Amino acid sequence: MEALQDVFISHASKDKAEYVEPLVEALSARNVTYWLDTSEIGWGDSIVGKINEGLRRSRRVLLCLSKHFLERPWPQLEMDAALARQTDTREQSVLPLILNSKDEVFSQYPLLRTLAYRCFDQGVESIAAEMAAISGSPPVTKSGIRVRVESVHSGRLFDIVETPRVSIDWLVSKASSTLGGKERADIGALKLLTVQWILVDVNAKDYWDGLTESKQRELRAVVKVGDKIKTTNVGTTTLEELEVPSGTVFHLCGITVGSLWLYKNDPSKTGPNVV
(Lines give C-alpha, C1' and ligand atoms only; values in the text may rest on other atoms or scores of the structure.)
Protein backbone atom coordinates (compact mmCIF):
# COMPACT_ATOMS: atom_id res chain seq x y z
CA MET A 1 0.00 0.00 0.00
CA GLU A 2 1.26 3.47 -0.92
CA ALA A 3 2.47 5.51 2.05
CA LEU A 4 0.51 8.72 2.62
CA GLN A 5 1.81 11.96 4.06
CA ASP A 6 -0.19 13.78 6.73
CA VAL A 7 -0.64 17.12 4.98
CA PHE A 8 -0.07 18.94 1.71
CA ILE A 9 0.92 22.57 2.42
CA SER A 10 -0.66 24.88 -0.15
CA HIS A 11 0.75 28.40 0.07
CA ALA A 12 2.05 31.41 -1.82
CA SER A 13 5.84 31.53 -2.09
CA LYS A 14 5.93 35.08 -0.65
CA ASP A 15 4.52 33.69 2.62
CA LYS A 16 7.14 30.98 2.97
CA ALA A 17 9.74 32.75 5.14
CA GLU A 18 7.39 34.53 7.54
CA TYR A 19 4.69 31.90 7.98
CA VAL A 20 5.32 28.51 6.35
CA GLU A 21 8.89 27.79 7.46
CA PRO A 22 8.23 28.39 11.21
CA LEU A 23 5.14 26.17 10.97
CA VAL A 24 7.03 23.43 9.13
CA GLU A 25 9.68 23.47 11.86
CA ALA A 26 6.99 23.00 14.51
CA LEU A 27 5.31 20.21 12.50
CA SER A 28 8.63 18.37 12.09
CA ALA A 29 9.21 18.51 15.84
CA ARG A 30 5.88 16.68 16.27
CA ASN A 31 6.55 14.05 13.61
CA VAL A 32 3.83 15.41 11.31
CA THR A 33 4.74 14.48 7.73
CA TYR A 34 4.08 17.03 5.01
CA TRP A 35 4.45 17.82 1.31
CA LEU A 36 6.19 21.14 0.61
CA ASP A 37 7.18 22.27 -2.87
CA THR A 38 10.75 23.29 -2.05
CA SER A 39 11.59 19.85 -0.68
CA GLU A 40 9.65 17.82 -3.27
CA ILE A 41 10.13 19.56 -6.63
CA GLY A 42 13.62 19.19 -8.04
CA TRP A 43 15.40 20.81 -10.97
CA GLY A 44 13.76 19.71 -14.21
CA ASP A 45 10.78 18.01 -12.55
CA SER A 46 7.28 18.46 -13.92
CA ILE A 47 5.66 20.97 -11.56
CA VAL A 48 2.14 19.86 -12.45
CA GLY A 49 3.07 16.19 -12.08
CA LYS A 50 4.71 16.70 -8.70
CA ILE A 51 1.83 18.76 -7.31
CA ASN A 52 -0.70 16.18 -8.51
CA GLU A 53 1.36 13.45 -6.85
CA GLY A 54 1.63 15.47 -3.63
CA LEU A 55 -2.12 16.06 -3.47
CA ARG A 56 -2.86 12.40 -4.21
CA ARG A 57 -0.43 11.15 -1.54
CA SER A 58 -1.53 13.51 1.25
CA ARG A 59 -4.37 12.79 3.68
CA ARG A 60 -5.20 16.46 4.16
CA VAL A 61 -4.54 19.83 2.54
CA LEU A 62 -3.51 22.85 4.62
CA LEU A 63 -4.63 26.04 2.86
CA CYS A 64 -2.35 28.89 3.97
CA LEU A 65 -4.66 31.75 3.02
CA SER A 66 -3.38 35.31 2.67
CA LYS A 67 -3.33 38.35 0.42
CA HIS A 68 -0.47 36.70 -1.53
CA PHE A 69 -2.46 33.47 -1.85
CA LEU A 70 -5.25 35.43 -3.52
CA GLU A 71 -2.80 36.86 -6.07
CA ARG A 72 -1.27 33.60 -7.27
CA PRO A 73 -2.88 31.03 -9.63
CA TRP A 74 -1.13 27.87 -8.39
CA PRO A 75 -2.35 27.98 -4.77
CA GLN A 76 -5.89 28.67 -5.96
CA LEU A 77 -5.77 25.67 -8.30
CA GLU A 78 -4.57 23.52 -5.41
CA MET A 79 -7.45 24.81 -3.26
CA ASP A 80 -9.97 24.02 -6.01
CA ALA A 81 -8.61 20.47 -6.29
CA ALA A 82 -8.66 19.96 -2.52
CA LEU A 83 -12.23 21.21 -2.15
CA ALA A 84 -13.38 19.06 -5.08
CA ARG A 85 -11.79 15.98 -3.50
CA GLN A 86 -13.43 16.74 -0.17
CA THR A 87 -16.81 17.02 -1.88
CA ASP A 88 -16.32 13.75 -3.74
CA THR A 89 -15.05 11.72 -0.78
CA ARG A 90 -17.19 13.49 1.88
CA GLU A 91 -14.17 13.34 4.16
CA GLN A 92 -13.02 16.40 6.09
CA SER A 93 -9.60 16.83 4.52
CA VAL A 94 -9.28 20.61 3.95
CA LEU A 95 -7.76 22.70 6.76
CA PRO A 96 -8.06 26.48 6.19
CA LEU A 97 -5.40 28.55 7.97
CA ILE A 98 -5.75 32.34 7.75
CA LEU A 99 -2.31 33.91 7.69
CA ASN A 100 -3.56 37.47 7.19
CA SER A 101 -6.20 39.53 5.31
CA LYS A 102 -9.12 37.46 6.63
CA ASP A 103 -11.79 39.82 5.31
CA GLU A 104 -10.30 39.78 1.81
CA VAL A 105 -10.00 35.98 1.83
CA PHE A 106 -13.64 35.45 2.82
CA SER A 107 -14.79 38.17 0.46
CA GLN A 108 -13.20 36.33 -2.48
CA TYR A 109 -14.06 32.81 -1.23
CA PRO A 110 -17.29 33.08 0.84
CA LEU A 111 -17.80 29.30 0.78
CA LEU A 112 -14.74 28.90 3.04
CA ARG A 113 -16.81 30.38 5.87
CA THR A 114 -18.66 27.06 5.99
CA LEU A 115 -15.43 25.36 7.17
CA ALA A 116 -13.91 25.68 10.63
CA TYR A 117 -10.68 27.61 10.25
CA ARG A 118 -7.69 28.65 12.33
CA CYS A 119 -5.70 31.91 12.37
CA PHE A 120 -1.92 32.02 12.32
CA ASP A 121 -1.73 34.50 15.20
CA GLN A 122 -2.82 31.81 17.66
CA GLY A 123 0.81 30.62 17.42
CA VAL A 124 2.65 27.98 15.41
CA GLU A 125 3.08 25.69 18.41
CA SER A 126 -0.66 25.63 19.04
CA ILE A 127 -1.44 25.04 15.35
CA ALA A 128 1.18 22.30 15.05
CA ALA A 129 -0.06 20.57 18.21
CA GLU A 130 -3.63 20.48 16.86
CA MET A 131 -2.45 19.15 13.50
CA ALA A 132 -0.43 16.46 15.26
CA ALA A 133 -3.54 15.41 17.20
CA ILE A 134 -5.60 15.28 14.00
CA SER A 135 -2.90 13.28 12.21
CA GLY A 136 -2.42 10.87 15.10
CA SER A 137 1.30 11.67 15.25
CA PRO A 138 3.29 10.58 18.31
CA PRO A 139 3.02 13.11 21.14
CA VAL A 140 5.83 15.56 21.84
CA THR A 141 8.31 13.94 24.22
CA LYS A 142 10.31 17.09 24.80
CA SER A 143 10.07 18.17 28.42
CA GLY A 144 10.54 21.74 29.49
CA ILE A 145 8.82 24.99 30.31
CA ARG A 146 5.81 25.97 28.23
CA VAL A 147 5.42 29.71 27.77
CA ARG A 148 3.33 31.99 25.57
CA VAL A 149 4.58 35.38 24.42
CA GLU A 150 2.07 37.98 23.18
CA SER A 151 3.06 41.12 21.32
CA VAL A 152 1.32 44.10 22.93
CA HIS A 153 1.86 45.99 19.67
CA SER A 154 0.41 43.58 17.11
CA GLY A 155 -1.58 41.11 19.24
CA ARG A 156 0.22 38.13 17.64
CA LEU A 157 1.06 35.07 19.73
CA PHE A 158 4.10 32.83 20.07
CA ASP A 159 3.90 29.50 21.93
CA ILE A 160 6.95 27.42 22.77
CA VAL A 161 8.13 24.54 24.97
CA GLU A 162 11.80 24.85 25.85
CA THR A 163 14.40 23.56 28.26
CA PRO A 164 14.63 25.64 31.48
CA ARG A 165 18.28 26.30 30.62
CA VAL A 166 17.58 28.70 27.76
CA SER A 167 18.37 32.35 28.47
CA ILE A 168 16.04 35.32 28.59
CA ASP A 169 18.01 36.82 25.70
CA TRP A 170 17.39 33.69 23.61
CA LEU A 171 13.65 33.72 24.33
CA VAL A 172 13.38 37.46 23.62
CA SER A 173 15.25 37.04 20.32
CA LYS A 174 13.14 34.03 19.28
CA ALA A 175 9.86 35.73 20.21
CA SER A 176 10.65 39.13 18.71
CA SER A 177 11.76 37.62 15.39
CA THR A 178 8.64 35.42 15.26
CA LEU A 179 6.31 38.27 16.22
CA GLY A 180 7.89 40.79 13.88
CA GLY A 181 9.71 42.93 16.44
CA LYS A 182 12.32 45.34 15.09
CA GLU A 183 15.64 46.43 16.57
CA ARG A 184 15.30 50.00 15.31
CA ALA A 185 12.39 52.44 15.23
CA ASP A 186 12.47 55.02 12.47
CA ILE A 187 11.01 58.32 13.67
CA GLY A 188 12.10 60.25 10.61
CA ALA A 189 14.67 63.00 10.32
CA LEU A 190 18.23 61.82 10.93
CA LYS A 191 18.00 59.29 13.75
CA LEU A 192 16.84 55.74 14.43
CA LEU A 193 15.75 54.80 17.94
CA THR A 194 17.09 51.54 19.38
CA VAL A 195 14.31 49.26 20.66
CA GLN A 196 14.79 47.05 23.73
CA TRP A 197 12.36 44.13 24.08
CA ILE A 198 11.32 43.06 27.57
CA LEU A 199 9.31 40.04 28.75
CA VAL A 200 6.60 41.03 31.23
CA ASP A 201 4.50 38.36 32.94
CA VAL A 202 0.82 39.31 32.49
CA ASN A 203 0.34 38.61 36.20
CA ALA A 204 3.00 41.21 36.99
CA LYS A 205 1.48 43.95 34.83
CA ASP A 206 0.54 46.17 37.80
CA TYR A 207 4.13 46.03 39.04
CA TRP A 208 5.45 46.84 35.57
CA ASP A 209 3.04 49.73 35.06
CA GLY A 210 4.10 51.18 38.41
CA LEU A 211 7.76 51.45 37.40
CA THR A 212 9.24 54.61 36.02
CA GLU A 213 10.37 54.47 32.41
CA SER A 214 14.02 54.61 33.47
CA LYS A 215 13.48 51.56 35.74
CA GLN A 216 11.68 49.69 32.96
CA ARG A 217 14.64 50.26 30.66
CA GLU A 218 16.95 48.49 33.12
CA LEU A 219 15.03 45.20 32.98
CA ARG A 220 15.06 42.22 30.63
CA ALA A 221 12.25 40.20 32.24
CA VAL A 222 9.61 40.44 34.97
CA VAL A 223 7.80 37.36 36.28
CA LYS A 224 5.43 36.60 39.15
CA VAL A 225 6.39 33.48 41.10
CA GLY A 226 3.75 32.70 43.69
CA ASP A 227 3.24 35.95 45.59
CA LYS A 228 6.67 37.33 44.67
CA ILE A 229 7.80 39.46 41.74
CA LYS A 230 11.16 38.46 40.30
CA THR A 231 13.12 40.55 37.81
CA THR A 232 16.40 40.37 35.96
CA ASN A 233 18.45 42.95 34.11
CA VAL A 234 20.85 40.32 32.76
CA GLY A 235 19.89 38.72 29.47
CA THR A 236 21.95 35.60 30.12
CA THR A 237 19.75 34.69 33.11
CA THR A 238 18.00 31.40 32.33
CA LEU A 239 14.33 30.57 32.75
CA GLU A 240 15.36 28.14 35.48
CA GLU A 241 17.33 30.79 37.40
CA LEU A 242 14.40 33.20 37.19
CA GLU A 243 12.10 30.35 38.34
CA VAL A 244 9.66 30.92 35.46
CA PRO A 245 6.66 28.60 35.99
CA SER A 246 5.46 26.47 33.09
CA GLY A 247 2.36 28.05 31.55
CA THR A 248 3.54 31.63 32.06
CA VAL A 249 2.14 34.15 29.59
CA PHE A 250 4.45 37.06 28.80
CA HIS A 251 3.77 40.32 27.05
CA LEU A 252 6.61 41.37 24.75
CA CYS A 253 7.03 45.08 25.43
CA GLY A 254 9.23 47.39 23.39
CA ILE A 255 10.94 50.44 24.84
CA THR A 256 13.13 52.90 22.98
CA VAL A 257 16.43 53.18 24.83
CA GLY A 258 18.69 55.25 22.59
CA SER A 259 19.26 56.53 19.11
CA LEU A 260 21.68 56.33 16.23
CA TRP A 261 22.32 59.69 14.62
CA LEU A 262 22.77 59.45 10.86
CA TYR A 263 25.36 61.87 9.54
CA LYS A 264 23.96 63.91 6.66
CA ASN A 265 27.16 63.99 4.64
CA ASP A 266 28.17 60.39 5.28
CA PRO A 267 25.27 57.94 5.97
CA SER A 268 27.77 55.17 6.76
CA LYS A 269 28.79 56.93 9.98
CA THR A 270 26.64 56.64 13.06
CA GLY A 271 27.08 57.62 16.65
CA PRO A 272 25.28 56.73 19.88
CA ASN A 273 23.07 59.25 21.64
CA VAL A 274 21.24 58.11 24.77
CA VAL A 275 17.73 59.53 25.13
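Buried means under 20% relative accessible area, exposed means over 50%, and partly exposed lies in between, with a 1.4 Å probe and protein chains only. By that scale arginine 90 is exposed, with a relative accessible area of 78%. This is a predicted model, in which local features need pLDDT of at least 70, side-chain atom pairs count only at pLDDT 80 or more, and totals for chains, interfaces and linings use all residues. Residues are numbered from 1 along each chain as its sequence is written, and side-chain values use heavy atoms, leaving out hydrogens and water.

Start with the sheet. Helices (H or I, at least four residues) and strands (E, at least two) are DSSP runs, numbered from the N terminus. Two strands pair if DSSP finds at least two bridges between them. Strands of a sheet pair through backbone hydrogen bonds, either parallel or antiparallel. Here five strands form an open sheet, and the pairing is parallel. Their order is S2-S1-S3-S4-S5. Strand S2 (34-35) and strand S5 (118-119) stand at the edges. Each has a single partner strand, so one side of each is left without a neighbour in the sheet.

Now look at S3 and strand S4 (residues 94-98). Five bridges join the two, which run parallel. Valine 61 has valine 94 of S4 as its bridge partner.

Contact means heavy atoms within 4.5 Å. Axes are lines fitted to C-alpha atoms, for helices over the stretch in contact, and angles run from 0 to 180 degrees between N-to-C directions. Helix H5 (residues 73-89) lies across S1, S3 and S4. H5 runs at about 135 degrees to S3.

Arginine 90 sits in the loop between H5 and S4. Its phi is positive, about 60 degrees, although arginine 90 is not a glycine. Serine 101 lies in the loop between S4 and helix H6 (102-108). Serine 101 is not a glycine either, yet has a positive phi of about 55 degrees.

Next come the charged pairs. Side chains of opposite charge can pair when their charged atoms come close. A salt bridge is a side-chain nitrogen of Lys or Arg within 4 Å of a carboxyl oxygen of Asp or Glu. The whole structure holds 10 salt bridges.

Which residue forms a salt bridge with arginine 59? The partner is aspartate 6, with the closest N and O atoms 2.9 Å apart. This pair links distant parts of the chain, 53 residues apart. Arginine 59 belongs to strand S3 (residues 58-65), and aspartate 6 to strand S1 (residues 5-10). Arginine 59 is partly exposed, at 40% relative accessible area. Aspartate 6 counts as buried, at 6%.

Glutamate 53 forms a salt bridge with lysine 50, the closest N and O atoms being 4.0 Å apart. Both lie in helix H3 (residues 47-56), three residues apart, about one turn of the helix. Glutamate 53 is partly exposed at 30%, and lysine 50 is partly exposed at 24%. In helix H9 (residues 205-209), lysine 205 and aspartate 209 are four residues apart, about one turn of the helix. Their side chains meet in a salt bridge of 2.7 Å, N to O. Lysine 205 is partly exposed at 41%, as is aspartate 209 at 45%.

Strand S10 (residues 221-225) and strand S11 (residues 228-232) pair in the antiparallel sense over five bridges. Lysine 224 stands opposite isoleucine 229 in S11. Two residues lie between S10 and S11. Glycine 226 in the turn has a positive phi of about 65 degrees.

On a 1 Å grid over the protein atoms alone, a cavity is a set of points where a 1.4 Å probe fits but cannot get out, and a pocket is an open set with protein on both sides within 12 Å along at least five of seven lines; lining residues have an atom within 4 Å of a point. Grid points are joined across faces, edges and corners, and a volume is the space filled by probe spheres set on the points. One cavity of 30 Å³ or more turns up in the whole structure. The largest cavity holds about 40 Å³. Its lining includes Phe120, Asp121 and Arg156. The second largest pocket has a volume of about 330 Å³. Of its 17 lining residues, the closest to the centre are Val94, Leu95, Pro96, Ala116 and Ile134. S3, S4 and helix H7 (124-135) each supply at least two residues of that lining.
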